[in-house]
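Please look over the sequence and the model below before reading on.

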Amino acid sequence: MRIRLLALACAGVVLAGATAPAAPAAHAVTIDNRGSIVTAEPFTGCAACDDRGVHRRLFLRLGGVAGIPHRALGRAALRHRDTMAPRRDRLWPGQTFPSYVATPRRLLTMARAYATEGTGLTGFDSPALLDAVDHFVPVSRLGDYSGTSTGANRVDLCLVTLLRAMLADDHGRAEPAVSALSPVFRPVSEGDGFYRDGSFIQHTYVPYQGAYGVTLLSGLATLYAVLRGSPWGLADRSLFATVERSFAPFVRDGACMDLVRGRSVGRRPYGDHERGREIAAAVLLLGESAPVAERARWQAMVKGWAVRSTYRPMLEGAEPAFHARLSAVMDDGAVPAVPEPVGHRLLPMSARAVHRRPGWCAALSMASHRIGHYEHGNGENLRGRHTGSGMLYWWAEGHGDHYSDSFWPTVDPYRLPGTTVSTRRLPDGAGAGWGDTCTPWRWVGGATDGTYAVAGQHLSGLESTMEAFKSWFFLDDAIVCLGAGITSQDGAAVETVVDNRRTGDALPRGRCRLDARHGQHLPAAGRPRARAGPHGGRLLERGDRRRPDRVGPVRGPGP
C-alpha cells in the first residue's frame, strides 16, 4: 500500500533524498509500505500547510517493518513505548548499548507508526518528543567542532537538529543546523575529516570511509536533496570531489574494502558488500544534486560496481529508493558500466594504498605515528590487533569473497595476510580503545606515479618488542614484499604471513595450494610452513630474532 503526503511543502524541502526540482511550490511524495520515499513530483495547492507555510507532518526516511498492517504497526509501537525503561546505557531492558539491530528497529517502528495514518497514534506535535531531542542534542552541541561533534558525527547532529527545527516550524533553529556543517567540508591536516590525499579519518586515528564516511556521505547527500530550493540550501560543493578521490578507490566490484571499515569489519557476514551498497546508494543520491558531468560519471561507475557485484547483487534487498535509482541506471542503455580502473592510489595520511592492475587488485593497511594498528570499542573488533602490521589484501578477477562472509570471526588473528607479527599472545582488546594504538614511527608512506608505487613501513609490534622495516614494490604483474631488520627481544617468535584467505577448496594437511592466477614466489632463505584449514595460507616462521633478519616474498599472478 502506498500513501501520499505533503512534506514541508511551501519550504520546497523533500525529506529522505527524493528527487526534487529546484524550488518547487510544494511536493507530493510517494512512500511505499516500507516507509521509504520512492518518487517526488510537483504538487499544486497547499491546503494542508499552516499559516507559516510549513506542513507540520513529516515523514522520516525509515526502513523495515515491511508489510505490517497499520493497526498492527500501531500496537507494536505502543508496546515498545510502554516497555521502554531508559537508563544510561540502554533504552529497553536487555538491550545494552551497542544494540545495532533491536533498538534501532524499535525506534523506527515507533517513528513510522507516529508518521503513518491509520495506526491510531499521533505524536509529532508532542512537546515531550521535542524536549527529548533538546535534552540529548541541544543546539550548544554544534558550537564546538571537537570531541564527538566532528566529521560524520557532526553531520548526524546537524541532521537531528534540522529535523527538530522542522517538527516545530522553528526557522531560527534550522539556520545553525546548516551553518554548523561548514567545518565538515574543509580539508584537514590532522584529526577527523577529509585530507587532501583523499584520506578520511574519524576517531583521530582510524581510516573510516567504509563506516563513518558512509554515514557522512549519505547524510550530506540527503541534506543536499532536502534543502535544495530552500533558504538553507547547501552551497559548498567540495563534497563532490570526495566521491572519486576518497570513496571510489576503496570499492571493488561493489564491496567496500575492510581496511577502511574500522571496528565494524566483523559485525556481520558480507558487511563489506553491505557497505559498498550504501556507498553506491549515497553516490546516486548525491548525483541528483551534482552537475551533469559528475552525475554521468558516477552513474556509470555505480553501474559497473553493480554488474560485477555477483556475490551479493546490489539490487537484492536494496531499500526501495536506492532500488528505484539503481534500476533506472541499469535499464538505461546510454549509461555504460565502467570497468575496474587500472592504477595506484597512495594515501599516506591514512597509511593506506590500493593497487589495481588488469585482472587483479591489492590493498595495503599500515600503522604509523598518526594511524593506529586497529580500533576496538563498544566490545567490537577485539582481535583486530595486527591489521595495521602490513596487512595485504589480494583479489583476483572473479574472487570477490576472499575476505567476506565469516572471514573475520574465523581467521587466525595472528596470521593475517602480509603481516609481520610477534606470536606473543595478547588479550582481547589489547592497547587503548578507539584506535589509539599508533606506533612511534614516521617512516610510513611511499611514492607513486599513479601507475606504479613503492611503500614502506617502520613497524613496531603491538605490546611487544618486535620491530621491522617493511617495503612493497607495486609493479605491473606482481608486488615485491621485502622485510629487513626484523628483531624481537622478548623471546616470542616472529612470523611473516604471506597469504591467508577464505577458500572453498579442501586443503590436505601439510600442503597449501593457491590458484595459479594469484600465486606466490618465495626467493628468501627460510622454509615456508603450510597450514591447512578453512583459510588457505603460507607462513614464514622467523623464530626469536635477537639479531636482524629479512624476508622477501613476491605476490602476483602466475604459477
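**Briefing on the predicted model**

Gly456 has its place in strand 15 (residues 453-460), where helices (H or I, at least four residues) and strands (E, at least two) are DSSP runs numbered from the N terminus. This is a predicted model, in which local features need pLDDT of at least 70 and side-chain atom pairs count only at pLDDT 80 or more, while totals for chains, interfaces and linings use all residues. Residues are numbered from 1 along each chain as its sequence is written, and side-chain values use heavy atoms, with hydrogens and water left out.

**Surroundings of Gly456**

- Gly456 is buried, with a relative accessible area of 7%, where buried means under 20%, exposed over 50% and partly exposed in between (1.4 Å probe, protein chains only).
- Leaving aside residues up to four places away in sequence, Gly456 touches Met366, Trp443, Val444, Gly445, Lys470, Ser471 and Trp472, a contact being heavy atoms within 4.5 Å.
- From C-alpha to C-alpha, Gly456 and Gly445 are 5.7 Å apart in space, and they are eleven residues apart in sequence.

**The whole protein**

- The protein has twelve helices and 23 strands, and buried residues make up 54% of its 559 residues.
- Of the contacts between residues at least 6 apart in sequence, 68% join residues at least 24 apart.

**Helix 10 and its cover**

- Helix 10 (residues 292-308) has 17 residues and should span 24 Å at 1.5 Å a residue, which agrees with the 25 Å between its end C-alpha atoms; the expected span is 1.5 Å times one less than the number of residues.
- The buried residues of helix 10 are Trp298, Ala300, Met301, Val302, Lys303, Gly304, Trp305 and Ala306, and what covers them includes helix 8 (239-247), strand 7 (251-252), helix 9 (271-287) and helix 11 (320-331).
- Helix 8 and helix 10 pack at an angle of about 35 degrees with their axes 12 Å apart, the axes being lines fitted to C-alpha atoms over the stretch in contact and the angles running from 0 to 180 degrees between N-to-C directions.
- In this packing, Phe240, Val243 and Glu244 in helix 8 meet Arg297, Trp298 and Met301 in helix 10.

**Surroundings of His80**

- His80 lies in helix 1 (residues 70-83) and is buried, with a relative accessible area of 13%.
- Not counting residues up to four places away in sequence, His80 touches Trp92, Arg106, Thr109 and Met110.
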